[in-house]
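This report describes a protein structure, part by part, for a reader who is new to the subject. Please keep the sequence and the model in view while reading.

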Amino acid sequence: MFQVAELDLDGARFDLRPAPGAPPVVAGEVFVLVRLRGRPVASLTGTVPEGADPATVLAGLARQRLDGTAGSTPPPRAPGREPPPTSVVVATRERPGRLTAALDSLLAQDHPDYGIVVVDNAPLTDATRDLVTHKYAGRVHYVREPVPGLAAAHNRGVAAAGGAVLAFTDDDVIADPHWLSALSAPFAGDPRIGCVTGLILPARLTTPAQILLESHGGFAKGFTARTWDPARPPAGTAEPLFPFTAGRFGSGASMAFRADALRAVGGFDPATGTGTPARGGDDLYAFVRILAAGHRLHYTPDAVVWHHHRETPQDLRHQAYGYGAGLTAYLTALVARRPALLPALLARLPRGLAHARAMTARRGDGQGGVPGEHDAQQHAWPRELSRLERRGMLYGPLGYLRARRRVRGLPLPWRTGEATR
């Protein structure tokens, strides 16, 4: 078990605090987000001995880690620009407890102009509606989407939201107070940016399944800001399927889109995503559609959310299978929706398949692993989970076709919906 905390360094001073909702740090193993004067720059793990001061021990480890590296100086902030009006969309289904913590964190954002839309996806009870309309009345807008699936719920949120930027997160995250400002500010600085993604870190590491997922890399994409430009694709073999290597760009728990750009590409494919036979891929599909339309995609580690990873081995097995299924499901969706992309995909497929095989290869014995080195590519991943990912890849196209039959003829909801922000 790892405690989860964040440590802010400022010269000789340091400030250690637990991750949102976590207990104070005591002796034992700790996973730490390291900040320099507020800017996220690294993650690490350390052991606090009995009787030692946790802040002093972890600050020493952090300084050793950053000494002589680029991380020893915080990256410069972009020129100050007020972020554009933004809407946050949270899709949920029968998890009012988790949703409460997420909404409380979203209502504490430092963004100057934003609204929140909760999309209740194919609800079985009135629990979510009652929570939002009573506890958050006047502060959070509630809408219902009867068609099951994360992408359909997100599309309903697109219809209900009126912000120039549309941000999306999950009901199982806690957002850093600066998350929304950091996620939306890049749109003000670059009119060609169509999508921005952010840093996703574990809220808890209390079970072997959570630790294993995070030691495999979790959802984090590192601590270096990056912009992908379809007019200047990456050189070399690091991204052999670009722009189809969408998993490198970010994840759906922390993403934002320029509203006009997202609507212009048709939003999310409702035959993808959790809650459909496709099992996932809705965020990946949207990333590639935005890039294929000529927009830039930007990743910023300044936009931090803390994600509650799945807790049991069975949860992790389902997740591994869903990763594989979502990957090939979204590729199938691209070809089905945009046949003009097929030649580019086929040209990259041989190297891409080799890359996918390497990414699902067995690393270590998978019996635990140590989270914290998200860019080391030495994560433990047991043979069983690699095998499940590959089985999911084989299933993904079939899952997508099944899902697409279910939503055939479903209109884009914003063509008739009213924006509320």
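## The four-stranded sheet

Four strands form an open sheet in the order β2-β1-β3-β4, with mixed pairing. Strands are DSSP runs of E with at least two residues, helices are runs of H or I with at least four, and both are numbered from the N terminus; two strands pair if DSSP finds at least two bridges between them. The edge strands are β2 (13-18) and β4, each of which pairs on one side only. From one strand to the next, the twist averages 25 degrees. Axes here are lines fitted to C-alpha atoms, for helices over the stretch in contact, and angles between N-to-C directions run from 0 to 180 degrees.

The model is a predicted one, in which local features need pLDDT of at least 70 and side-chain atom pairs count only at pLDDT 80 or more, while totals for chains, interfaces and linings use all residues. Residues are numbered from 1 along each chain as its sequence is written, and side-chain values use heavy atoms, with hydrogens and water left out.

## Pairing within the sheet

Strands of a sheet pair through backbone hydrogen bonds, either parallel or antiparallel. Both senses occur here: β1 and β2 pair in the antiparallel sense over six bridges, whereas β1 (residues 3-10) and β3 pair in the parallel sense over seven bridges. E6 stands opposite R17 in β2, and L9 stands opposite L36 in β3.

Strand β3 (residues 28-36) is mostly covered, with seven of its nine residues buried. Buried means under 20% relative accessible area, exposed means over 50%, and partly exposed lies in between (1.4 Å probe, protein chains only). Nine bridges join β3 to the antiparallel strand β4 (residues 39-48), and V30 stands opposite G46 in β4. These two strands, β3 and β4, form a hairpin with two residues between them, and R37 in the turn has a positive phi of about 50 degrees. Helix α1 lies across β1, β2, β3 and β4, and runs at about 120 degrees to β4.

## Two pairs of packed helices

The axes of helix α2 (residues 96-106) and helix α3 (residues 127-135) come within 10 Å and cross at roughly 30 degrees. The two helices α2 and α3 are therefore roughly parallel to each other; angles under 35 degrees count as roughly parallel, over 145 as roughly antiparallel, 65 to 115 as roughly perpendicular, and the rest as oblique. The contact (heavy atoms within 4.5 Å) is made by P96, L99, T100, L103 and D104 of α2 and by A127, T128, L131, V132 and K135 of α3. These residues divide into six nonpolar, two polar and two charged. In this grouping Ala, Val, Leu, Ile, Met, Phe, Trp, Tyr, Cys and Pro count as nonpolar, Asp, Glu, Lys and Arg as charged, and the others, Gly among them, as polar.

Helix α9 (residues 313-337) and helix α11 (residues 383-407) pack at an angle of about 40 degrees, with their axes 6 Å apart. Helices α9 and α11 are therefore oblique to each other. The residues of the contact of α9 with α11 divide into 15 nonpolar, five polar and six charged.

Helix α8 (residues 282-292) is mostly covered, since ten of its eleven residues are buried. Among them are L284, Y285, F287 and V288. The helix α8 is followed by G294, whose phi is positive, near 100 degrees.

H295 is found in the loop between α8 and β13 (296-307). Is H295 buried or partly exposed? H295 counts as partly exposed because its relative accessibility is 22%. H295 and R192 are 103 residues apart in sequence, and their C-alpha atoms are 5.5 Å apart in space. Leaving aside neighbours within four places in sequence, H295 is in contact with R192, G194, P230, A261 and I290.

## An exposed loop residue

E82 is found in the loop between α1 (54-66) and β5 (86-92). E82 counts as exposed because its relative accessibility is 63%. Not counting residues up to four places away in sequence, E82 touches P112 and A188. The C-alpha atoms of E82 and S181, which are 99 residues apart along the chain, are separated by 8.4 Å.

## The protein as a whole

The protein has eleven helices and 13 strands. Of its 421 residues, 55% count as buried. Among contacts between residues at least 6 apart in sequence, 77% join residues at least 24 apart.
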